[in-house]
Amino acid sequence: SQIENEETVDGCKDNLLASPVDELQQQYSHLQIFDATDPAFQPPADFLELSEAELRMRGVYLVESHLCIKRLMGSRPSEVMSLLGTGVALKGILEDLGAAFPATATIYVATQASLERVMGYQVHRGCLALAKRSPETPFPLFLHQNKLEAASNKLLVVMENLGNPDNVGGIFRTALGFGADAVITSSGCADPFYRKSIRSSMGGSLCLPSCRALEWPLELQQLRQAGFTVVGLALTPWAVELSSIMIDEAQPRKFAVLVGAEGPGLTAAALEHCDIVAKISMTSAVDSLNVGVAAALAIHHFSSVSNVNR
């Protein structure tokens with residue numbers, strides 16, 4: 001009938017006019033989803049704390065982009081507190097995660113314009129996650145929890161005083177890609193949970209076990225006591241060619257690749273704790289490689305020769 005046709009048309013109009021918030025609320029009724037498109041909307045205060053130092057003091061960190069948030073959900077779901085993003089971005093994340101999305105997390109749906117208005121900067125891929133930090137783990141306990149003490153065929157990556165978050169994140173990405181078991185950073189390194197570090201790592205800093213060394217360089221001594229061969233990358237007169245380092249089949253294959261800051265390189269204290277100091281052959285056109293590139297070559301070398309995680 002004409003009335004039924006009109007009702008059908010009205011129903012179609014209602015569906016077409018449904019906002020992204022309405023659609024998500026209907027599809028994921030068990031989740032806490034709120035409308036953040038109102039110009040007067042103000043997100044939780046932690047989203048607005050743009051200083052990484054303030055975020056750290058509050059015990060939280062920010063994660064941006066679909067891939068990084070997905071990795072956050074996969075490896076640290078209990079840490080997720082809130083999501084803020086566009087309807088399209090949030091829908092994609094929820095579709096990917098399904099029932100794995102933590103029901104305790106709060107979701108705020110915004111437009112791209114309102115998202116950047118409240119945040120004050122361009123948000124990559126239209127979404128941000130707010131997560132709480134886990135307590136810092138004492139280094140001996142970290143080794144024990146990740147079964148790094150007695151096991152063989154282990155590869156660690158250790159960074160000393162790398163202040164650039166792009167370098168820190170890039171090395172995490174390389175470590176994840178080449179099968180390293182964990183990453184250790186000295187307290188002088190950029191925070192692996194800084195938003196830029198996470199983005200540069202493609203979420204690698206969220207997936208790999210990591211520990212901040214608070215008694216540096218004591219942790220290098222503890223690694224050696226746990227059976228690791230510490231290999232530092234440095235252009236010292238006594239450094240050997242990286243490619244010349246061979247594996248003793250009779251010994252446990254446990255290596256810790258140690259890299260230092262660009263410019264000063266490894267400190268004298270760190271070099272004292274190295275079993276081997278290695279260098280990478282290059283032409284005389286340059287005096288050194290970017291630390292991320294050098295680390296990648298070394299991580300790949302030890303991942304290959306020690307058959308780590310294969």
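Which elements each supply at least two residues of the lining of the second largest pocket? They are β11 (254–260), β12 (276–279) and α14 (291–305). The model is predicted: local features need pLDDT of at least 70, side-chain atom pairs count only at pLDDT 80 or more, and totals for chains, interfaces and linings use all residues. Residues are numbered from 1 along each chain as its sequence is written, and side-chain values use heavy atoms, with hydrogens and water left out.

**View A. The whole protein holds 14 helices and 12 strands.** Helices (H or I, at least four residues) and strands (E, at least two) are DSSP runs, numbered from the N terminus. Of the 310 residues, 48% are buried. Here buried means under 20% relative accessible area, exposed over 50%, and partly exposed in between (1.4 Å probe, protein chains only). Among contacts (heavy atoms within 4.5 Å) with a separation of 6 or more, 82% come from residues 24 or more positions apart.

**View B. The second largest pocket has a volume of about 420 Å³.** Its lining counts 22 residues. Leu233, Ala234, Leu235, Ser288 and Leu289 are the closest to its centre. By class, the lining splits into 14 nonpolar, 6 polar and 2 charged residues. Ala, Val, Leu, Ile, Met, Phe, Trp, Tyr, Cys and Pro count as nonpolar, Asp, Glu, Lys and Arg as charged, and the others, Gly among them, as polar. A pocket is an open set of points on a 1 Å grid over the protein atoms alone, where a 1.4 Å probe fits, with protein on both sides within 12 Å along at least five of seven lines; lining residues have an atom within 4 Å of a point. Grid points are joined across faces, edges and corners, and the volume is the space filled by probe spheres set on them.

**View C. Strand β11 is mostly covered.** In β11, 7 of its 7 residues are buried. Lys254, Ala256, Leu258 and Gly260 point one way from the strand. Phe255, Val257 and Val259 point the other way. Side chains in a regular strand alternate between the two faces of the sheet. Two strands pair if DSSP finds at least two bridges between them. Strand β6 (residues 154–160) runs parallel to β11, with 7 bridges between them. In that pairing, Leu156 has Ala256 as its bridge partner. Strand β9 (residues 229–233) also pairs with β11 in the parallel sense, over 4 bridges. Here the partner of Thr229 is Phe255.

**View D. The largest pocket has a volume of about 490 Å³.** Its lining holds 19 residues, and Ser134, Pro135, Glu136, Phe193 and Ser210 are the closest to the centre. Strand β8 gives the most, with 3 residues. The lining of the largest pocket divides into 7 nonpolar, 6 polar and 6 charged residues.

**View E. An open sheet of 5 strands runs in the order β1-β4-β3-β5-β2, with mixed pairing.** Its edge strands, β1 (32–35) and β2 (60–64), each pair on one side only. From one strand to the next, the twist averages 20°. Strand β2 runs antiparallel to β5 (residues 127–132), joined by 5 bridges. Across this pair, Val63 stands opposite Ala129 in β5. Helix α2 (residues 20–27) packs on the sheet, touching β1 and β4 (106–110). The direction of α2 makes about 165° with that of β1. Helix α5 (residues 66–75) also packs on the sheet, touching β2, β3 (80–86) and β5. The direction of α5 makes about 30° with that of β5. Axes are lines fitted to C-alpha atoms, for helices over the stretch in contact, and angles run from 0 to 180 degrees between N-to-C directions.

**View F. A cis peptide bond joins Trp216 and Pro217.** Omega is about 0° at this bond. Pro217 sits in the loop between β8 and α12 (218–225). Most peptide bonds are trans, and most residues other than glycine have a negative phi.

**View G. Lys147 and Asn161 have positive phi values.** For Lys147, phi is near 55°. Lys147 belongs to the loop between α8 and β6. Its relative accessible area is 63%, so Lys147 is exposed. For Asn161, phi is near 60°. Asn161 lies in the loop between β6 and α9 (165–177). Its relative accessibility is 34%, so Asn161 counts as partly exposed.
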